[in-house]
Amino acid sequence: MRLSEIARALGGEVVGDGAFEVRDVAEYAAAGPGSLSCADSLDRLKSPTSAGALIVPPGADPGRPGIRCAHPRLAFARAVEFLRPAPPRLDGVHPAAVVDPGARLGRGVGVGAQASIAAGAAIGDRSQVGAGARIGEGVTLGADCDVQPNCVLYPGVRVGDRVVIQAGAVIGADGFGHVPDEAGRLHKFPQRGTVVIEDDVEIGANATIARAALGETRIGRGTKIDNLVQIGHNSIVGADCALAGQVGISGSVRIGNRVLMGGQVGVADHVTIGDGARLAAQTGVNKSLEGGKTYLDAPAAEAGEARRRLAAYRRLPELLRRVHELEEKLRETGKP
């Protein structure tokens with residue numbers, strides 16, 4: 001595909017030879033002479049690459065054929081979409097799938113081998129249910145969704161349009177709710193609520209989202225959830241959030257819109273995190289946090305305080321040594 005054609009599709013400005021033939025896309029360091037790659041900053045351009053063409057920011061010189069775009073990484077993502085098309089869609093219902101007569105399938109739905117769709121479930125137009133996936137009774141799945149192999153959607157779960165659920169994810173299993181009885185033994189609190197996934201959400205492989213005890217656990221529009229994330233029952237995650245791998249959200253947590261969490265962030269139950277908060281990897285949250293700020297460490301603290309705390313941690317061995325020396329000197333003088 002010619003570079004000029006790609007530039008036209010991306011709305012970018014061609015730099016140099018627009019007739020350059022792009023054969024593939026590749027990451028910056030691994031790109032070859034026939035590849036299109038991306039340098040999203042001037043610093044990145046200082047590193048060597050063998051890419052034949054580059055997408056660069058406005059005003060940057062790619063030093064070879066290229067495309068200038070206001071948002072280079074976003075433009076590169078769009079270039080990948082049409083230079084490396086997605087795998088073929090499932091075509092109809094596989095003979096080895098089990099679809100209850102009481103389920104409703106929209107137009108163009110694909111169902112893979114060994115998948116099952118229970119009575120009362122409704123699958124929206126053009127949605128895909130991968131091999132081995134389980135769609136429970138009364139589940140509603142919107143249009144253009146992609147439920148990948150071996151996912152489980154428990155009964156009553158509601159999913160919006162254009163949602164991607166990666167392999168092995170479990171949506172709507174019981175929440176972790178138990179009440180001690182008179183003898184001190186744990187009695188399970190019935191988990192009769194549901195899970196609601198809004199439009200354009202992506203849920204990573206082997207992630208789990210527990211159903212609410214009585215109401216709903218909700219994931220807001222456009223939120224992206226990485227692999228192996230756990231979201232507890234009754235929790236509400238706002239719109240356009242990003243939760244990286246192994247984040248753990250306890251029950252009844254309220255997370256605002258556009259919240260970012262690094263890997264292995266842990267959030268205790270019943271806390272609230274405000275809009276636009278940013279939590280570094282392995283932050284531990286045990287109380288509510290204001291939005292619009294950056295937090296790190298455990299327990300979570302604003303970035304400035306946390307960095308001072310971490311600096312003090314590093315000095316602890318030296319401080320302990322000096323205290324020990326002072327104690328020795330006091331003993332030698334015979335003073336208490």
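**Salt bridges: value against cut-off**

A search of the whole structure finds 21 salt bridges. This is a predicted model, where local features need pLDDT of at least 70, side-chain atom pairs count only at pLDDT 80 or more, and totals for chains, interfaces and linings use all residues. Residues are numbered from 1 along each chain as its sequence is written, and side-chain values use heavy atoms, with hydrogens and water left out.

Student: What makes Glu 13 and Arg 68 a salt bridge?

Tutor: The term requires a side-chain nitrogen of Lys or Arg within 4 Å of a carboxyl oxygen of Asp or Glu. For Glu 13 and Arg 68 the N to O value is 3.2 Å, so the pair qualifies. Glu 13 sits in strand 1 (residues 13–15) and Arg 68 in strand 5 (residues 66–68), 55 residues apart. Strands here are DSSP runs of E, at least two residues, numbered from the N terminus.

Student: Why is Glu 13 called partly exposed?

Tutor: Buried means under 20% relative accessible area, exposed over 50%, partly exposed in between (1.4 Å probe, protein chains only). Glu 13 has 43%, so the label is partly exposed.

Student: Why does Arg 107 count as exposed?

Tutor: Its relative accessibility is 63%, so Arg 107 counts as exposed.

Student: How do you know that Asp 200 forms a salt bridge with Arg 162?

Tutor: Their closest N and O atoms are 2.7 Å apart. Asp 200 lies in the loop between strand 21 (194–197) and strand 22 (202–203), and Arg 162 in the loop between strand 16 (158–159) and strand 17 (164–165), so the pair ties together parts 38 residues apart in sequence.

Terms used. Helix = DSSP H or I, 4+ residues; strand = E, 2+ residues; numbered from the N terminus.
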